[in-house]
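Trainee: I have a model open and want to go through its contacts. Can we start with the charged side chains?

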Amino acid sequence: MADTSDFRNGLVIVWKGDLWQIVEFLHVKPGKGGAFVRTKLKNVRTGQVVDNTFRAGERVETARIERRPHQFLYEDELGLHFMNLETYEQITVSPELVPRREFLKEGAEADVLVHAETETPVTVEVPKHVELRVAETDPGLRGDTATGGSKPAKLESGAVIQVPLFINEGDVVRVNTETGEYITRVATAETG
């Protein structure tokens with residue numbers, strides 16, 4: 001059990017018989033009346049987001065969540081298939097539980113957050129930065145690097161991001177998965 005002073009972003013609580021993750025919270029102390037905590041909660045199972053207000057000091061049941069390293073194997077009509085890197089067991093996760101899955105390529109590692117009591121996957125966390133090869137983009141022109149322009153590029157995972165004009169097909173780029181932004185070129189098509 002915990003109370004509202006233990007709230008933090010990402011905390012998973014049991015509320016109304018379901019698992020909810022705290023997306024945002026704000027402690028409010030009005031001039032009159034008791035303090036309270038405004039929260040934005042996301043249903044772990046359905047993805048539904050709701051606003052709720054808790055009285056300050058109200059007790060809530062927390063869910064024990066374990067982070068387990070997995071390797072992404074493939075995606076099919078059943079969902080996304082992962083292999084636990086410690087036990088080699090395979091699990092299938094529905095696409096709704098994998099935010100930013102467009103940055104996952106086969107063989108990539110990701111953390112699966114599992115509700116410890118029920119052994120059900122809660123969500124999959126894609127690494128904050130990934131390195132992916134550019135599969136398709138318009139050719140870069142010499143002299144375009146100083147203009148600061150950008151062009152769309154399709155990555156090997158299927159994601160489309162904006163890259164600088166000097167990036168070519170076959171280049172490997174580092175991408176911030178939270179913002180979907182290009183960070184830097186890791187390797188050129190010639191160097192591999």
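Trainee: Is Lys105 buried, partly exposed or exposed?
Mentor: Lys105 counts as partly exposed, because its relative accessibility is 30%; buried means under 20% relative accessible area, exposed over 50%, and partly exposed in between, with a 1.4 Å probe and protein chains only. Note that this is a predicted model, where local features need pLDDT of at least 70, side-chain atom pairs count only at pLDDT 80 or more, and totals for chains, interfaces and linings use all residues. Residues are numbered from 1 along each chain as its sequence is written, and side-chain values use heavy atoms, with hydrogens and water left out.

Trainee: Which residue forms a salt bridge with Lys105?
Mentor: Glu156, with the closest N and O atoms 3.4 Å apart. A salt bridge here is a side-chain nitrogen of Lys or Arg within 4 Å of a carboxyl oxygen of Asp or Glu.

Trainee: How many salt bridges are there in the whole structure?
Mentor: The search finds 11. Among them, Glu131 and Arg174 meet at 2.5 Å, N to O. That pair links distant parts of the chain, with Glu131 in strand β12 (residues 129-137) and Arg174 in strand β15 (residues 172-176), 43 residues apart. Strands are DSSP runs of E, at least two residues, numbered from the N terminus.

Trainee: What about Asp171, buried or exposed?
Mentor: Asp171 is buried, because its relative accessible area is 2%. Asp171 forms a salt bridge with Arg185, the closest N and O atoms being 3.4 Å apart. Arg185 counts as partly exposed at 31% relative accessibility.

Trainee: Which residues are linked in a network of salt bridges?
Mentor: Arg64, Glu66, Arg68, Glu117 and Glu119.

Trainee: Switching to sheets. What is the strand order in the open sheet of 5 strands?
Mentor: The order is β9-β8-β7-β10-β11, with antiparallel pairing; two strands pair if DSSP finds at least two bridges between them. The edge strands, β9 (90-93) and β11 (120-125), each pair on one side only.

Trainee: And how many bridges join β7 to β10?
Mentor: There are 7 between β7 (residues 65-76) and β10 (residues 109-115). His70 stands opposite Ala110 in β10.

Trainee: Last topic, rings. How many aromatic pairs does the structure hold?
Mentor: It holds 4. Phe7 and Phe54 are an edge-to-face pair, 5.4 Å centre to centre with 85° between the planes. Rings of Phe, Tyr and Trp (its six-membered ring) pair if their centres lie within 6.5 Å, and planes under 30 degrees apart count as stacked, over 60 as edge-to-face and the rest as tilted.

Methods
Helices (H or I, at least four residues) and strands (E, at least two) are DSSP runs, numbered from the N terminus.
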